[in-house]
Amino acid sequence: MSTPAEPPAADTFRITPLSRATTGAARTLSAPLSAEITAALDASPGGEVAVRSVDVRIPLLEKNDILAERNRGFFLGRGLVALNLVSSPGAGKTTLLERTLDELGPRLRCAVLVGDLETDNDGRRLRRPHASVAQITTGTTCHLDASMVARGVEALDLEGVRLLFIENVGNLVCPASFDLGEQVRVVLLSTTEGEDKPLKYPPIFKSAHVVVLTKIDVADALGFDCAAAVANIRRIAPQARLIQLSARTGEGFDEWRALLETLAAGRPAGATDDRGGA
Ligand SMILES: Nc1nc2c(ncn2[C@@H]2O[C@H](COP(=O)(O)OP(=O)(O)OP(=O)(O)O)[C@@H](O)[C@H]2O)c(=O)[nH]1
Ligand SMILES: [Mg+2]
C-alpha cells in the first residue's frame, strides 16, 4: 500500500508577489527586532533597520577578468582558438561536440574542457583517440570561471590543437558574467526550450558571437515557431552569427563545420568583437 506523500515543509519554497518590487539598493525590515538582533545589526532602535548591501561581485569579477585575459594570451600564444559553449541544461552542447569531434576528426586537432556540477558523463562521451578531453566538476558552482579553465587546461595535451572547446555548466544566467578568456562565445538555444528564451535571458545572448539554434529536427513535432525564435535572436543578439542545425541528423551542420574550419585557419568569419556586453 502506498503511503501518502509528505506535505512540503513550509520553508522549502518562497512566493514572491509580482506586483511588488523585489530589487533595490536598500531594503528595510519592518518587523520588530529584539535588542540583541538590533545590536548585532548595528541598527538604530525603534524596530526598523536599514540593510546595507555590499556588492561582492565587483572584486570577484575583476579578479576573474584578469585571469581571463591571462588565459586569452595563453591561447593566442599557442595559436589556438577557444570557444565557450553556453546553454540551458540539456540544450545539446555535448551532442554538438560529439558530432563536431567525429566530423573534424584527426584532420583538425581539437581539445575539450567540459564543466558540470557532478559526474564525468560528458567527458566520457567526448573521449576520442584524436582529442584531449578533461572534465571539470564544479560542486555547487553554476558556471565555469577563468581559474577553473586555467587549471583544466593543464590537464590537456594541447600539442597541435587548433580548437579548444569549453562546454560550460548548463545555465543561461551565471556564465554570462564570467569571461573564460575565450575568443568565441557560442550560445545554444534548442527547440525544446521555447522561442522566448532570448527575450527572457538577454545578457547571455547579447554576449554571444555565435548563436546555434539546435534540435531543428524536432521543431515541427514540438510546434516550435522557428521564425519567431530567429526574430527574437536577431532582436536581442544582432551582432551574433546565427546557425540553425540538428546535431542528431546533421542538417545545417556544414555551416557550423565551415565556421570552425575558418576559425582554425585563423580567418575569423562571422565572429566579431562588437558584442553588446553581458
Ligand atoms: N532531436 C534532437 N535531440 C538532440 C539534439 N541534440 C541533443 N539532443 C538530445 O538532447 C539531450 C541532451 O543533450 P546533451 O548534448 O546531453 O545536452 P547538454 O547541453 O550537453 O546537457 P548538459 O551538459 O546537461 O547541460 C540528449 O538526449 C540528446 O540526445 C538534436 O539536435 N536533436
Ligand atoms: Mg553536456
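In what sense do β8 and strand β9 (residues 241-244) pair, and over how many bridges?

Tutor: This is a predicted model, in which local features need pLDDT of at least 70 and side-chain atom pairs count only at pLDDT 80 or more, while totals for chains, interfaces and linings use all residues. Residues are numbered from 1 along each chain as its sequence is written, and chains are lettered from A and ligands numbered from 1 in the order in which they are written.

To your question: β8 and β9 pair in the parallel sense, over four bridges, where two strands are said to pair if DSSP finds at least two bridges between them. Helices (H or I, at least four residues) and strands (E, at least two) are DSSP runs, numbered from the N terminus; the protein chain has ten helices and nine strands.

Strand β8 itself covers residues 210-214, and five of its five residues are buried, a residue being buried if 20 or more other C-beta atoms lie within 10 Å of its own, exposed if 12 or fewer, and partly exposed in between, with C-beta atoms placed from the backbone. In a regular strand the side chains alternate between the two faces of the sheet. In β8 both faces are covered, with Val 210, Val 212 and Thr 214 buried on one side and Val 211 and Leu 213 buried on the other. For the chain as a whole, 36% of the 278 residues count as buried.

Stepping back to the sheet, seven strands form an open arrangement in the order β5-β4-β6-β3-β7-β8-β9, with parallel pairing. Because β5 (131-137) and β9 stand at the edges, each with a single partner strand, one side of each is left without a neighbour in the sheet. Neighbouring strands of this sheet are turned by 20° against each other on average, direction ignored. Helix α10 (residues 253-264) lies across β3 (81-86), β6, β7, β8 and β9 and runs at about 125° to β6, where axes are lines fitted to C-alpha atoms, for helices over the stretch in contact, and angles run from 0 to 180 degrees between N-to-C directions.

Elsewhere in the sheet, five bridges join strand β4 (residues 110-116) to strand β6 (residues 163-167), which run parallel, and the bridge partner of Leu 113 in β6 is Ile 166. Leaving aside residues up to four places away in sequence, Val 112 touches Leu 97, Leu 126, Ala 131, Val 133, Phe 165 and Glu 167, contact meaning that the C-beta atoms of two residues, placed from the backbone, lie within 7 Å. Ala 131, one of these, is found in strand β5 and is buried, with 23 other C-beta atoms within 10 Å.
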